[in-house]
Each structure stands twice: as structure tokens, then as C-alpha cells.
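Student: I'd like a close look at one part of this model, please. I'm curious about the contacts between charged side chains.

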Amino acid sequence: MAKQAKSIDFVWEGVNKRGQKINGSLSGQNLAVVKAQLRKQGIQPGKVKRAPQPLFGLGGGAAKGKKIKTADISFFTRQMATMIKAGVPLVQSFEIVSDGVDNPNMKDLILKLRDTVSAGNDFASALKEHPQYFDELTCNLVESGEQSGALETMLDKVAIYKEKSEALKSKIKKAMGYPITVVVIAAIVTAILLIKVVPTFDAMFKNFGAELPAPTQFVVFLSEVMQAYWLYTLGVIVALVTAFKHMMRTSQTFRDQMDYLTLKLPVFGDIMHKAAVARFARVLSTTFAAGVPLVEALESVAGAVGNKLYRDAVLEVRQEVATGQQMHFAMRSTGVFPNMVVQMTSIGEESGALDAMLDKAAEYYETEVDESVDGLTAMMEPMIMAFLGVVIGGLIIAMYLPIFQMGSVM
């Protein structure tokens with residue numbers, strides 16, 4: 001495995017078994033190894049040379065273009081599941097899927113996975129070499145599928161899990177992103193009015209020689225403050241945003257505190273609760289259906305629920321289950337999980353269909369999140385319009401009040 005890390009990227013041109021000219025990229029220790037790998041795949045190599053190195057020492061992934069997103073990984077797992085279900089050999093499946101990918105970085109990742117598998121490693125080991133893209137749950141499910149001889153089934157479960165998780169994340173981002181975007185735009189427009197537009201009116205008002213209305217005086221005062229300190233204000237905002245991102249990236253304690261805070265937010269907190277329950281049920285259903293023992297499955301679930309409160313609750317449940325306690329009793333004792341989920345878990349344990357009941361619970365709460373987001377969006381639209389009207393409209397009215405007063409006097 002150590003040699004694999006020192007492989008060199010090559011670009012090649014060649015002819016396949018059908019006599020078609022094809023090209024691509026391949027990693028190997030040297031030119032001879034790459035040519036041998038191409039022949040092994042039924043390709044007669046023509047030109048093979050080292051891939052050009054990007055400027056400033058940046059890696060290929062950073063230089064070539066788009067970042068690999070979760071949606072790309074979800075698409076990859078779905079396509080691989082489809083290829084293997086159709087009876088396509090694993091190595092050839094990588095090549096077919098890579099041809100249908102537009103993102104150059106994702107294409108390179110798939111080809112690296114193909115090269116690792118071609119060198120004699122299993123699929124799960126290839127995935128584990130890229131932990132930034134494939135989480136532990138995905139690797140464990142693929143490994144379980146390879147060992148049981150049901151790789152296509154496991155890949156299908158991984159694909160469903162990825163697609164559902166991505167859809168859930170998208171709904172939460174939609175719920176939180178819309179009002180934040182509107183508020184930010186309103187703040188930018190307000191700042192521009194205060195810094196650029198209001199001073200023009202202020203200069204005109206000084207020629208009137210009359211006392212300005214209180215709203216106008218207040219807006220002029222805000223304008224003077226913004227003109228004097230806008231650079232400092234911008235610096236403070238940038239510093240706060242940068243510090244927040246840094247803390248979220250580096251401090252587990254800070255992330256845990258933010259998890260607790262988001263659950264307490266009005267309206268948004270309820271959506272986050274439902275999303276965490278949906279993830280819990282979805283991941284546990286997927287892993288348990290894959291044949292993973294319940295205690296190990298709960299460990300994977302704890303890392304996937306995405307919230308400190310629920311992560312601690314799942315670990316507590318795992319500890320109780322490991323000592324012989326039934327899971328629904330352990331879930332009830334945490335006081336975190338909704339009664340409906342506890343009852344469905346109880347029915348699943350008694351009937352021997354725990355994965356099916358958890359799947360139903362996941363679908364229910366995913367639908368709840370979807371409906372909550374739609375309801376929130378519908379509710380927020382008039383509120384946001386009113387907010388914009390008060391802020392922007394208030395500024396404009398304050399600026400025109402002196403002109404209206406002069407008109408009434410004349």
C-alpha cells in the first residue's frame with residue numbers, strides 16, 4: 001500500500017478491442033507498469049507520457065476544476081450499483097461510469113479507484129484510501145457486500161442512503177438559506193443607500209435651512225456613522241465570519257454548542273430535530289438490513305446523525321443494547337427520540353422486521369422535513385417582503401419627508 005501512494009499520473013492514447021481510438025489517465029509506479037495495466041484491460045497502448053504538472057505545486061484536484069461534492073459521490077454509487085446489477089465486471093464498470101462524469105476531479109477519482117482494484121485490491125480497500133469522499137459507513141457496507149457476495153445489493157443500499165441524505169441536506173439548506181440570503185441582500189442595499197445616496201440628500205437638506213424631521217435626522221446620523229466606520233464594520237463582519245468558519249472546522253466543542261443552539265431555534269429547531277430523527281432511522285435501517293450487527297450499526301449511526309444531542313443519545317442506546325437491553329427501552333430512557341419512533345422500533349423488534357419499520361419511520365420524518373420546509377418558505381415570503389418594505393421603504397420615505405413638508409408649506 002505504501003508504493004501505491006507514490007504512484008505517478010500518466011496520460012495515454014491507445015486502441016481498444018474494437019479498434020476504437022481512446023484516451024485517458026492512469027496512475028502507476030512507472031511507464032512499464034502503466035502499459036502493462038492497459039494491456040491487461042484489453043487496450044493496446046500508443047502514446048503514454050507523464051501527466052503535465054500544474055503550476056505552483058497544486059494537486060490535480062485543485063487545478064482541474066470543480067470540487068467533488070456529495071452529489072457526485074451519490075451519482076457514482078448509484079451508477080456503480082446499476083452497472084454491477086447489469087452484470088458488468090467491476091473494473092469495466094469504473095470505466096463506463098467515469099465516461100459519464102463531467103467533473104474532471106470526479107473522473108480522476110473514479111479512475112484511481114479502478115487502478116487500485118485492477119492492482120488486486122478489493123473495492124472497500126480502494127474506497128478507504130479516499131476517506132474525504134467515502135465515509136466509514138459507505139466503506140463498511142461495501143466491504144459487507146463483497147464478503148457476502150451481494151455487492152450490487154449493498155451498493156444499491158449505499159446509493160439510496162446517499163440520495164436520501166443529500167435530499168435531506170438540500171431541504172435544510174433551503175429552509176435556512178432563503179431568509180439568510182434575503183437579509184444579507186437587504187443589508188448590502190441598505191449600506192449602499194446610507195453610504196452613497198443619503199449624503200446627496202443631506203447636502204441638499206442643508207440648503208433648506210429648516211429643521212429636519214426626526215426620521216430623517218436618524219437616517220442622516222446612521223449615514224454619517226456608516227461613512228466614517230464602514231471599513232471597520234466590514235472588517236469586523238469578515239473577521240467574525242472567518243472566525244466562525246475556523247471554529248466550526250477545528251473545534252468539536254464549538255460545533256457541539258452550535259448543535260444545541262440550532263435545536264433551540266424557533267421553527268428551525270423543529271426542522272433540525274426531525275432531520276436528525278430521519279437520519280437516525282435511515283442509517284440504522286440501511287446498516288441493519290445490510291447484515292451489520294445492531295451494536296456495530298448503532299456506532300455507525302452515531303457518527304451520521306449530524307447532531308451532538310442525538311449522537312450522545314445513540315451512543316447511550318448502543319451501550320444499553322450491548323448489555324442486553326431491548327433497543328426501544330433504551331431509546332425511551334434517553335428522552336430524546338419521539339414516541340412514534342420508539343413504538344415503531346418496538347414493533348420492529350417484536351416482529352423481526354426492524355429494518356422495515358425504521359425505513360417507514362425514516363420516510364415519515366423525511367416527508368415531515370419536506371412539508372415543514374415548504375410551510376416555512378410560504379410563511380417567510382410575506383414576512384420577508386414586509387421586512388424589506390419597512391427597511392428599504394423606511395429609508396426612502398425618511399429621505400423624502402423634508403421635501404413633502406416643504407411642498408405642504410409652499
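Student: Which residue does Lys-85 form a salt bridge with, and how far apart are the closest N and O atoms?

Tutor: Lys-85 pairs with Asp-156, and their closest N and O atoms are 3.9 Å apart. Bear in mind that this is a predicted model, where local features need pLDDT of at least 70, side-chain atom pairs count only at pLDDT 80 or more, and totals for chains, interfaces and linings use all residues. Residues are numbered from 1 along each chain as its sequence is written, and side-chain values use heavy atoms, leaving out hydrogens and water.

A salt bridge here puts a side-chain nitrogen of Lys or Arg within 4 Å of a carboxyl oxygen of Asp or Glu. Your pair connects distant parts of the chain: Lys-85 sits in helix H4 (residues 70-85) and Asp-156 in helix H9 (residues 151-206), 71 residues apart. Helices are DSSP runs of H or I with at least four residues, strands are runs of E with at least two, and both are numbered from the N terminus.

Now, are the two partners buried or exposed? Lys-85 is exposed at 54% relative accessibility, while Asp-156 is buried at 18%. (Buried means under 20% relative accessible area, exposed over 50%, and partly exposed in between, using a 1.4 Å probe and protein chains only.)

Let's follow that idea to another spot. Lys-128 and Glu-143 also meet in a salt bridge, 3.2 Å from N to O.

Asp-359 is partly exposed at 24%, but Arg-282 is buried at 4%.

Back to your pair: Lys-85 and Asp-156 belong to one network with Arg-78 and Glu-163, joined by salt bridges that share partners. The model has 14 salt bridges by this rule.

(Rings of Phe, Tyr and Trp, using its six-membered ring, pair if their centres lie within 6.5 Å; planes under 30 degrees apart are stacked, over 60 edge-to-face, and the rest tilted.) Both tyrosines lie in helix H10 (residues 214-250), three residues apart, about one turn of the helix. Tyr-232 is exposed, at 59% relative accessible area.

Phe-244 and Phe-254 make an edge-to-face pair, 5.7 Å centre to centre with 75 degrees between the planes. Phe-244 is in helix H10 and Phe-254 in helix H11 (residues 252-264), so this pair ties together parts that are 10 residues apart in sequence. Phe-244 is partly exposed, at 38%. Elsewhere, ring pairs link Phe-76, Phe-94, Phe-123 and Phe-134 into a cluster.
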